[in-house]
Amino acid sequence: MKQVYICQDTIIGVFSAIHDAWMENRDDDSGIALRGQMMPKMFCEYTEVEENEQKSIAVERLIKKNLGYNAYWDIYHALLSDDCEKADAVYHTMLDARQIKDSKRIMEHLSNPHVARVFELSRKVGNEAHIFTEFIRFRELENGVLFSEIAPKSQVLTCIADHFTNRFPLENWIVYDQTHEIFLAHQARRKWVLVQGEALNTEAAGKISEKEGKFENLWKMFCRSISIDERGNPNLQRGHLPICYRKNMTEFN
Amino acid sequence: MTEIIQEHMSIYDKLNILSDAAKYDVACTSSGVDRQNDGTGMGNCQKAGICHSFSADGRCISLLKILFTNECIYDCKYCINRSSNDVVRTSFTPDEICTLTMEFYRRNYIEGLFLSSGILKSPNYTMELIYAALYKLRHECNFQGYIHVKAIPGASQELVQRVGFLADRMSVNLELPTAEGLKKLAPHKSRKNILTPMRLVQQKMQDNRQEIVLYKNAPRFVPAGQSTQMIIGATPETDYQILSVAESLYKRFELKRVFYSAFVAVNKDSALPARTDEGPPLLREHRLYQADWLLRYYRFEADELLNEKNPNFNVFLDPKCDWALKHLEYFPVEVNRADYNTLLRVPGIGCKSAARIVKARRMGILQFEDLKRMGVVLKRALYFLTCSGRMMYRTKMEEDYIMRNLLNTGEKLPDSVSGMTFRQLSLFDDMNFREAQVPEILG
C-alpha cells in the first residue's frame, strides 16, 4: 500500500515529511501531500507527520551534501510556490537522484518529469521574486517605518529579504505578504526576520507620515509627465507591468 | 523674470516641468555595475539593472529622469527647451534634487538618478551645478544607488573628470547622426565639441582600469561605461549612415550603448520635417535597435546588413531575416556541426540558444524537438537549419517562398505598414492574395 505523508505547507513541514518518508519508506511506494490541498485517493495509507526543526535541518543538510548547493537552491524555491504537488515533486526528485551516477547533476535531467517540475517551479518563484524587487512600493508611517503590502502567489518574502536589507541597511522597514499573512521585518543595522501568526494592525498601517502624501503625489505626477503622448502604447505597458501587480502600487492608485 | 518665477514655484511644479522636459532623453537603464551597500548609507546597484515601473508609452521608469534646468542658451531646432521657445523656465537646487532622489529611492520608486540639463549661462557653469548636486547626493546623503549624468559638451576637462568619479554612467548626446545634420539643426553645437568629452571619458576609463589593478580601493570612474543617443528621422540620413555611425562609436569610443530616439515633432520649424499624422518613426527606430543588437552580440558588421545601394531596412522583415534571405548560399546550416558564429547568424537562434546547442550536441545528436526545448524559434529557424542532414519540412530554398512564409508567422507590424487598418470578415481566403503582392511591393 502506498504511504502518503501529510504535512503543513511550510519549509519545515515539507522537510519533516521528507525526513519521515525517507527514513521509513524510501524504497517503497510513497509520497507527500499538503494538508488541505489534496484529494484522498484509494489504496493509500495516510500518515500525519510530526513536524520539528531537527528533521528539517537534517533534510537540508542531506540535500546540500548529496545534491549540492545549486540543487538545494532550486528545491527551496520550488517549495515556496503555490503548487499543491510541489512536495511530492521534490521528494521524487530526491529519490531519483539516487538512481543516477552523479547525484549533484540531478537538475540537469530535465527529461525526468519530477525534475522538470521542480525546475519549472523554481524558475516561477525566482521570477516572481524578481518582479517584487521591482514593484514593491513602501510608504512611510507616522513612526518613520517604511511599510509595504504585496499579494504574491508564492511565498517570496525570503527571496527578496537580502536584496532590501542590503539596499536599506539604516531603515526600519516591513513588507507584509497579504496572501500568506507573513511579515518580513527589518530593524536598522540588524538582520531581517520573518514574523508569522500575527495579524496586521490596519489602523497603524494606515497612519502615514506627514510628508508621505506629498511624495506620493510627486511620484504619480512624475509617472504621468515622463510619458511621451505621441508614443502612447498601453498594450506594451501592460505587457511589462501586468494589471495584477498594480493593486499595491502607488502610481496606479 | 525667471528669478521671480522660480521663487514662487513649488517643487511639484518644478518636477512637472523638468521631468516633462527630460522625457525625450531615451536612456533609462540602470545596468552595468554591481555594487553592494557598505552599511553606512542607502542604495546598491545590480548589474542587470532594475525597472521599477512602466509609463503609458510602455517605456520603463528606472531612474528619476530630470533636467537640472530647462533654461538654455542654445537654440537647437528640434528641442522643446530651445532658447527661442516661450516655455516656463525653472531650475532645481541641489537640495531639491537630493530630497527627491532620496525620498523616491527609499520608497523603492526608482533605481537612481538620471540628470541632464539645459545650458544655463555657460557649459562650465552648468556642469559646476551638476557637480554640486551629485557631490551632495553622494557625500552628504551617502547615496549608493545608480547615477547617470550627461556630460555637457564644451565643459572643461577637469570638471567632466570630477563628475565622472561621482557617476556610474556618463553620456554625451550625439544629437544627430552626421555633422551636416548637426550644423543644420543645432547651430550652436559642433561635432568636435561632442566627441571631445566622449574621448576624454574613454581615456579616463582606461586609465582608471589600470589604477584599480594597482590599488583595489581606487575610486571608480564611470564604472557602468558611457552611452550616447541620436535622433532618428529629423534629418534625411539613411539607416546605413546611422548604423555606420553607431558601429564606429562602438569600435572607436568603446561605448556601452547607442540609443536611437524616433523624432517627435514638438516645434514648428522650416528646417524640420513637416508634422504629419503618422507620429514618430517607431518602426524605423525598432529596426535600428534590432540591428544594433546584431552589431553588439551577433558579430555582424554594418556593411553586411546595409550598403550604399540598399541603404534602408526592410520594413517587413527584421534585419537578421533580411540578411539571411539575401545570403541563402550559406544555408541550410547543419545544427550538429556548424560552429557557434554560424549558428548565431541563423534567424530564430539567439546567443543563449546557440550556446546551449554547442554544449548539448556534445552529449548526443540534436533533433528539432530538442532545439525547440532549448529556446530556438523554429517558425523562423526551420528554413535555415538541418538536423542530421534533414530539414524539418520540405522547403524550397527560394527567397520569395521563404519570405512569404516568414511574413505569415512574423511579428505584428503597425497598421500603417501592413496597410490594413481593419479587415472585412470574409468567406473567401484573402490572406494569400495579399502575400502574393508582397514581393511586388518590395520590387
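Reader: Which residues of chain A does the UniProt annotation "domain: DUF4130" cover?
Author: This is a predicted model, where local features need pLDDT of at least 70, side-chain atom pairs count only at pLDDT 80 or more, and totals for chains, interfaces and linings use all residues. Residues are numbered from 1 along each chain as its sequence is written, with chains lettered from A and ligands numbered from 1 in the order in which they are written. The label comes from an unreviewed UniProt entry; positions follow the numbering used here, feature names are shortened, and annotations may be inferred rather than shown by experiment. In that record, the annotation covers residues 86-251.

Reader: How far apart are the end C-alpha atoms of residues 86-251 of chain A?
Author: That span is 43% helix and 13% strand, where helices (H or I, at least four residues) and strands (E, at least two) are DSSP runs, numbered from the N terminus. Its end C-alpha atoms are separated by 35 Å.

Reader: How is chain A divided into domains, and how many Å separate their centres?
Author: The bounds come from an automatic or database domain assignment. Domain 1 of chain A takes 2-128 and domain 2 takes 136-252. Five residues of domain 1 and six residues of domain 2 make the contact, which requires C-beta atoms, placed from the backbone, within 7 Å. Taken over C-alpha atoms, the centres of the two domains are separated by 32 Å.

Reader: Why do the buried residues of H5(A) line one face of the helix?
Author: Buried here means 20 or more other C-beta atoms within 10 Å of the residue's own, against 12 or fewer for exposed and anything in between for partly exposed, with C-beta atoms placed from the backbone. In H5 (residues 157-167) of chain A, that picks out Leu157(A), Cys159(A), Ile160(A), Phe164(A) and Arg167(A). Looking down the axis of H5(A), they line one face because they fall within an arc, taken over the directions from the helix axis to the C-beta atoms, of 145°.

Reader: What covers the buried residues of H5(A)?
Author: One helix and several strands of chain A turn up in the cover. It includes H4 (113-135), S6 (173-177), S7 (182-186) and S8 (192-196).

Reader: Which residues touch the most other members of the largest nonpolar core?
Author: A nonpolar core is a set of buried Ala, Val, Leu, Ile, Met, Phe, Trp, Tyr and Cys residues joined through C-beta atoms within 7 Å. The largest one has 118 residues, and its largest share, seven residues, comes from helix H4 (residues 123-140) of chain B. Another core, of 52 residues, lies apart from it and has Phe164(A) among its members. Touching the most other members of the largest core are Ile130(B), Leu134(B) and Val163(B).

Reader: Which element gives the largest share of the side of chain B that touches chain A?
Author: The contact takes 34 residues from chain B and 34 residues from chain A. On the chain B side, H2 (11-22), S1 (53-54), S2 (60-61) and H3 (94-106) each supply at least two residues. The largest share, five residues, is that of H2(B).

Reader: Is Val377(B) buried, exposed or partly exposed?
Author: Val377(B) sits in the loop between H14 (368-373) and H15 (378-381) of chain B. Its C-alpha atom is 8.1 Å from that of Pro347(B), 30 residues away along the chain. Because Val377(B) has 16 C-beta neighbours inside 10 Å, it counts as partly exposed.

Methods
Two residues are in contact if their C-beta atoms, placed from the backbone, lie within 7 Å.
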